[in-house]
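Biologist: I would like to learn how to read the features of a model. Please take them one at a time, with the general idea before the case.

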Amino acid sequence: LGAMSSIGMMDPAFFVGKNELLSWLNELLDLNYSKVEQCANGAAYCQIMDACFPGEVAMKKVMFDAKHEHDFVKNYKVLQTLFDKKQITKHIEVTKLCKAKPLDNLEMLQWIKRYFDMHYGGNEYNAVERRGGLSFASTGAKENTATNKPAAAKTATVKTGAVRVARPASSSAPKRAGAPAGAGGSSANDEQVAKLTEEMTSMKLTVAELEKERDFYFGKLRDVEITCQTNERTDVGSLVEDIQKILYSTAEDVVVAAPAPEAVPEAQPVAAA
């Protein structure tokens, strides 16, 4: 298991989008998450591993309603215990994940889904029953399908309405000037700001992913360029081998280009006596 858990950054898992990940997560664990950073408390990660290895995760120690970082850490300790037990070498960036940064939790969710796909035995899994009916959303609340459905509908409304908000934004100034400031107008403005902020955060996340991917590939091209410039070997096979090591290396690998052989000085002719 330890060897199979070494999933490099070039693995297709790290090209799976957040919408696909959230859809998979919500279906597996019977949730209604709308953002990857909602996984920051670690409870979802623990339960995904419980689905992979039924009965081997200390589910009674998992705090599904954790809302503070010191409680998040307790959940990650449960996760780390399982990793150690199964000899999983994946390093858990606890500090970063607890900060609920979208990119960090996206990468963790991408990795854990890949691991799940590789190890899940196909057994039936009742997520609500395994967590004792506790809800991720509210402290100590029991799962209730009647209350969960409106929450899912509200999430869908936010997603589809985010694009429409940008159009009436230009007419917001005349409304303020022509009508007295009231509680209703302020509430509408706050709602618009919240939706636009969410859209902007999503765009920043996408840009961060693209920049990371760009830097990764640029680094490879630069390494290949240096290898070609500093190697004057006639053995094409060894040069090709060095380039292939660079191309197929992951972000965790360190590839050192083989040094070029030292030039042998030519013999100088001896002057006749």
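Modeller: Start with one residue. Ser202 sits in helix H9 (residues 183–230). Helices (H or I, at least four residues) and strands (E, at least two) are DSSP runs, numbered from the N terminus. This is a predicted model, where local features need pLDDT of at least 70, side-chain atom pairs count only at pLDDT 80 or more, and totals for chains, interfaces and linings use all residues. Residues are numbered from 1 along each chain as its sequence is written, and side-chain values use heavy atoms, with hydrogens and water left out.

Biologist: Is Ser202 buried, partly exposed or exposed?

Modeller: Cut-offs come before the case. Buried means under 20% relative accessible area, exposed over 50%, and partly exposed in between (1.4 Å probe, protein chains only). Ser202 has 26% relative accessibility, so this residue counts as partly exposed.

Biologist: How far apart are Ser202 and Lys18 in sequence and in space?

Modeller: They are separated by 184 residues in sequence, and by 10.0 Å in space, C-alpha to C-alpha.

Biologist: What pattern does the chain follow along the sequence?

Modeller: The pattern is α-α-α-α-α-α-α-α-α-α. The chain has 10 helices and 0 strands.

Biologist: What share of the contacts joins residues 24 or more positions apart?

Modeller: A contact means heavy atoms within 4.5 Å. Among contacts with a separation of 6 or more, 68% come from residues 24 or more positions apart.

Biologist: Now the rings. How many aromatic pairs are there?

Modeller: The general idea first. A pair of aromatic rings is described by the distance of the centres and the angle of the planes. Rings of Phe, Tyr and Trp (its six-membered ring) pair if their centres lie within 6.5 Å; planes under 30 degrees apart count as stacked, over 60 as edge-to-face and the rest as tilted. The count here is 6 aromatic pairs. One of them joins Tyr45 and Tyr76, which is tilted, at 6.3 Å centre to centre and 40° between the planes. This pair links distant parts of the chain: Tyr45 is in helix H2 (residues 43–52), Tyr76 in helix H3 (residues 69–85), and they are 31 residues apart. Both Tyr45 and Tyr76 are buried.

Biologist: Which geometry do Phe83 and Trp111 show?

Modeller: Phe83 and Trp111 are tilted, with 5.8 Å centre to centre and 50° between the planes. Phe83 lies in helix H3 and Trp111 in helix H5 (residues 102–119), so this pair ties together parts 28 residues apart in sequence. Phe83 is buried at 0% relative accessibility. Trp111 is buried too, with a relative accessible area of 1%. Ring pairs also link Phe53, Phe83, Trp111 and Tyr115 into a cluster.

Biologist: Which charged residue lies over the face of Trp24?

Modeller: A charge sits over a ring if NZ of Lys or CZ of Arg is within 6 Å of the ring centre and within 35 degrees of the ring normal. Lys113 lies over the face of Trp24, 5.5 Å from the ring centre.

Biologist: How many salt bridges does the structure hold?

Modeller: It holds 7 salt bridges. Among them, Asp50 and Arg130 meet at 2.8 Å, N to O. Asp50 is in helix H2 and Arg130 in helix H6 (residues 127–130), 80 residues apart. Asp50 is buried, with a relative accessible area of 0%, while Arg130 is partly exposed at 34%.

Biologist: Which residues form a network with Glu56?

Modeller: Salt bridges link Glu56, Lys85 and Lys86 in a network. The closest N and O atoms of Glu56 and Lys86 are 2.9 Å apart.

Definitions and conventions. A salt bridge is a side-chain nitrogen of Lys or Arg within 4 Å of a carboxyl oxygen of Asp or Glu.
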